[in-house]
Amino acid sequence: MTAPSAFRTLDDADVANKRVLVRVDLNVPTDAGRITDDTRIQAVLPTIREISEKGGKVILLAHFGRPKGVDPKLSLAPIAGEVASRLGKPVAFAPATIGEVAEAAVAKLQPGEVLLLENTRFDPREEKNDPDFVAALAKLGDLYVNDAFATAHRAHASTEGLAHHLPAYAGRCMQVEIEALAKALEAPERPVMAVVGGAKVSSKLELLGNLVAKVDLLVIGGGMANTFLAAEGKDVGKSLCEHDLADTAREIVGKAAAAGCEIVLPVDAVVAREFKAHADNRTVGVDGVAADEMILDAGPASVANVVAKLKTAKTVVWNGPFGAFELAPFDAATVAVAKAAAALTGEGKLLSVAGGGDTVAALNHAGAAEGFTYVSTAGGAFLEWLEGKPLPGVEALRR
């Protein structure tokens, strides 16, 4: 990824009286038909409002869930009302994505009005980026705006294909995300620290391989830290650990040393014999884990070490918790480091970017998410960006 100026944004678009196809992320969590978190809706409102206020005809494209063909339970119809209530103006709904029904609904639109089309994934050709489906979508618009970074790692019809058929631009939410990520890893203020946690090394091999070449400090926490400790010859007892990846862990350490990247591992741990909230626990050095114990969190000395390193950094990129943060008191390390990062950000000493599902949940749990410079809700796309992979939906918006 290059500097954000390499991408076309709404600043470059003349939307007045134009039919503007806007790919948004409305894949919101629901419970019994009720939205439990409207973060994704709130994120796209600035783009919808701007296009509407400039006289564009806003045609929203989105998916919901993972339907196998048409599934009434995954219709976007109820979401139209939810978007309307937050937008403060009506949002029409068309029970089709392409074809005569969709075309008729688009034809009725007046400048400034908003229309939501049915779930793009009701048509199997969406995920195949089928040229005929792309052409049928493109027929509905004059311009294309992608405001769904969360789906940017997918080369689907509505996320990538359309950008090759119509003049294409990044929406405001997409623009903010690209700019935040570029500042964090493409042209960062150094030193740069990466915090990578989570359960398994195997799921983040590409991520770790990319980061050691780009950052100055790599803090490894969570279950994956156990694999690195075991690779050093430490006994981690019954802890979650991928013993078969010991050689891989040592390779990553070697690559880091060659690249001048310092790897920071836990020096102490909170251990217990049971994986449950408030289980009897004790804090030991990483050399002191008993055979029947499991590491469930980093200890206070590890936290103090990470916070001290954090104070030397100018930029931090975070993905993954330090321990089993869902279970008290094994959330302590994640909460403490998250609060420290938020405080340093608030003091203007740190640029902090975080992303990924568990990470967002952990930062919210710590009450620290709002203190970060930027928190991405895009799990897969954020991870692939960290891994250094080009994102099709973003690459298609290059000038």
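How many disulfides does the structure hold? In this predicted model, the structure holds zero disulfides.

| Residue | Relative accessible area | State |
|---|---|---|
| Val270 | 11% | buried |

**Helix H4**

Helix H4, which spans residues 131–138, has Phe133, Val134, Leu137 and Ala138 among its residues, and these four are buried. They cover an arc of only 135° around the axis, and therefore they lie on the same side of H4. The partners against which the buried residues of H4 pack are strand S1 (19–23) and strand S4 (57–61). On the face of H4 turned away from the buried side, by contrast, the exposed residues Pro131 and Asp132 are found. Asp132 also takes part in the capping of the N-terminal end of H4, where a side-chain oxygen of Asp130 lies 2.9 Å from the backbone nitrogen of Asp132.

**Nonpolar cores**

The largest nonpolar core is made up of 76 residues, and within this core the residues with the most contacts are Phe149, Leu211 and Leu218. For Leu211, once its neighbours within four places in sequence are left aside, the residues in contact are Leu185, Ala194, Val196, Leu218 and Leu386.

**Strands S12 and S14**

Strand S14 covers residues 294–298, and five of its five residues are buried, so this strand is largely enclosed by the rest of the structure. Strand S12, residues 268–272, runs antiparallel to S14 and is joined to S14 by four bridges. Within this pairing, Val271 stands opposite Ile295 in S14.

Which residues does Val270 contact, leaving aside its neighbours within four places in sequence? Val270, whose place is in strand S12, is in contact with residues including Met294, Ile295, Leu296, Asp297 and Ala298, and its contacts also include Asn281, Arg282, Thr283, Gly299 and Phe330. With a relative accessibility of 11%, Val270 counts as buried. Its C-alpha atom is separated by 49 Å from that of Arg8, a residue that is 262 residues apart from Val270 along the chain.

Technical notes. Residues are numbered from 1 along each chain as its sequence is written. This is a predicted model: local features need pLDDT of at least 70, side-chain atom pairs count only at pLDDT 80 or more; totals for chains, interfaces and linings use all residues. Side-chain values use heavy atoms; hydrogens and water are left out. Buried means under 20% relative accessible area, exposed over 50%, partly exposed in between (1.4 Å probe, protein chains only). Helices (H or I, at least four residues) and strands (E, at least two) are DSSP runs, numbered from the N terminus. The arc is that of the directions from the helix axis to the C-beta atoms. Contact means heavy atoms within 4.5 Å. A polar contact is a pair of N or O atoms within 3.5 Å; within protein, one must be able to donate a hydrogen and the other to accept it, and residues adjacent in sequence count only if both atoms are side-chain atoms. A nonpolar core is a set of buried Ala, Val, Leu, Ile, Met, Phe, Trp, Tyr and Cys residues joined through side-chain atoms within 4.5 Å. A disulfide is a pair of cysteine sulfur atoms within 2.5 Å. Two strands pair if DSSP finds at least two bridges between them.
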